[in-house]
Amino acid sequence: MLVDAVRAADDCQLTGALDQFASPAIGRDAGSFSGQPTGVLINSDLRSGLQNSQVLIDFTRPEGTMAHLAVCREMGLAMVIGTTGFSDAQKLEIAAASKDIAIMMAPNMSVGVNVTMKLLEMAAKALSNGYDIEIVEAHHRHKVDAPSGTALKMGEVIASAMGRDLKDCAVYAREGVTGERDPSSIGFATIRGGDIVGDHTVLFAGIGERIEISHKSSSRATYAQGSLRAVRFLASQRAGLFDMFDVLGLK
């Protein structure tokens, strides 16, 4: 999806494509999966893959991203990071690198998801008392982290809007006799199955009414288009750590 989006963009050029050393894709044209040759071969050597680049778009795993971060910092290249599942220590390392290079990091690049985040911020401020908040997310069977990075970000946005810290109020599992629900908590429920691209629903349940704010992804193309908007935003930034609210002017 990323390769196709870059190829179709008038103002972007694909200069490299990277995969793991053992990947069967190594040596193939980056556009071969969609039948649209790009002239760029997939390789596993990060420095050679980035030698003609200005920005690296990274959708990998935390350990991969951290290795890529070190090289981008060394080469002075900007990064768009869509990877999720970082530890607090890794987030601090990314923040430190952003003093030298421009980084846009977000758990979800979808424009729609990020507009949904803004709606959640508004709702949380208005519904901070008397409403129980639950976040339900569903993804495909191959996703390895839970809750999703997007669900966690939603929780962080809501908690911050209400003057709370998600670490102190999140509930990730319920089983057995759990007792009454803590009214200050934010609950999470995770579903994994099939080929679900990504569904997120936040429930504000009050007495006599409930409000549901949902976003459903039917294609990963939306993540690719959001990534290119981030690339365009970074073109004018020398350094700093940004998110999609910055890209979309929602702050």
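Modeller: With pockets. A pocket is an open set of grid points with protein on both sides within 12 Å along at least five of seven lines, and its lining residues have an atom within 4 Å of a point. Keep in mind that this is a predicted model.

Biologist: Which residues lie nearest the centre of the second largest pocket, and how many residues line it?

Modeller: The general idea comes first. Rolling a probe the size of a water molecule over the atoms shows where empty space is left. Here, the second largest pocket holds about 1,000 Å³ of space. Its lining has 37 residues, and K91, G149, L152, K153 and E156 lie nearest the centre. The elements that give two or more residues to this lining are α4 (88-97), α5 (111-126), α6 (149-161), α7 (166-169), β11 (240-242) and α9 (244-248).

Biologist: Which element gives the most to that lining?

Modeller: That is α6, with eight residues. Sorted by class, the lining of the second largest pocket has 18 nonpolar, seven polar and twelve charged residues.

Biologist: Now the sheets. In what order do the strands of the five-stranded sheet come?

Modeller: Read a sheet by strand order, then by pairing. This open sheet has the order β7-β8-β6-β9-β10, with mixed pairing. β7 (170-171) and β10 are the edge strands; each has a single partner, so one side of each is left without a neighbour in the sheet.

Biologist: How do the individual pairs run, parallel or antiparallel?

Modeller: Take them in turn. β6 (residues 132-139) and β8 (residues 186-192) run parallel and are joined by seven bridges, with A138 partnered by I191 in β8. Seven bridges also join β6 to β9, but this pair is antiparallel; here I135 has V202 as its bridge partner. β9 (residues 198-205) and β10 (residues 210-217) are antiparallel too, through eight bridges. T201 is partnered by S214 in that pair, and D199 stands opposite K216.

Biologist: What is the strand order in the four-stranded sheet?

Modeller: It is β3-β4-β5-β11, an open sheet with parallel pairing. The edges are β3 (55-58) and β11, each with a single partner strand, so one side of each has no neighbour in the sheet. On average, neighbouring strands of this sheet are turned by 15° against each other, direction ignored. Three bridges join β5 (residues 102-105) to β11, and I103 pairs with L241.

Biologist: Which helices pack on this sheet?

Modeller: Helix α3 (residues 62-75) lies across β3, β4 (78-81) and β5, running at about 165° to β4. Helix α8 (residues 221-234) touches β3, β4, β5 and β11, and its direction makes about 155° with that of β4.

Biologist: How many disulfides are there?

Modeller: A disulfide is a covalent bond between the sulfur atoms of two cysteines. With a cut-off of 2.5 Å between sulfur atoms, the count here is zero. The cysteine sulfur nearest to that of C12 belongs to C72, 16 Å away. For C72, the closest cysteine sulfur is in C12, and that distance is too far for a bond.

Biologist: Finally, which peptide bond is cis?

Modeller: The bond from A146 to P147 is cis, with omega near -10°. P147 sits in the loop between β6 and α6.

Technical notes. Residues numbered from 1 in each chain as written. Predicted model: local features only at pLDDT ≥ 70, side-chain atom pairs only at ≥ 80, totals over all residues. Heavy atoms only, no water. Pairing = 2+ DSSP bridges. 1 Å grid on protein atoms, 1.4 Å probe; cavity = no way out; pocket = protein on both sides within 12 Å on 5 of 7 lines; lining within 4 Å. Points joined across faces, edges and corners; volume = space filled by probe spheres on them. Nonpolar A, V, L, I, M, F, W, Y, C, P; charged D, E, K, R; others polar. Axes fitted to C-alpha atoms, helices over the stretch in contact; angles between N-to-C directions. Contact = heavy atoms within 4.5 Å.
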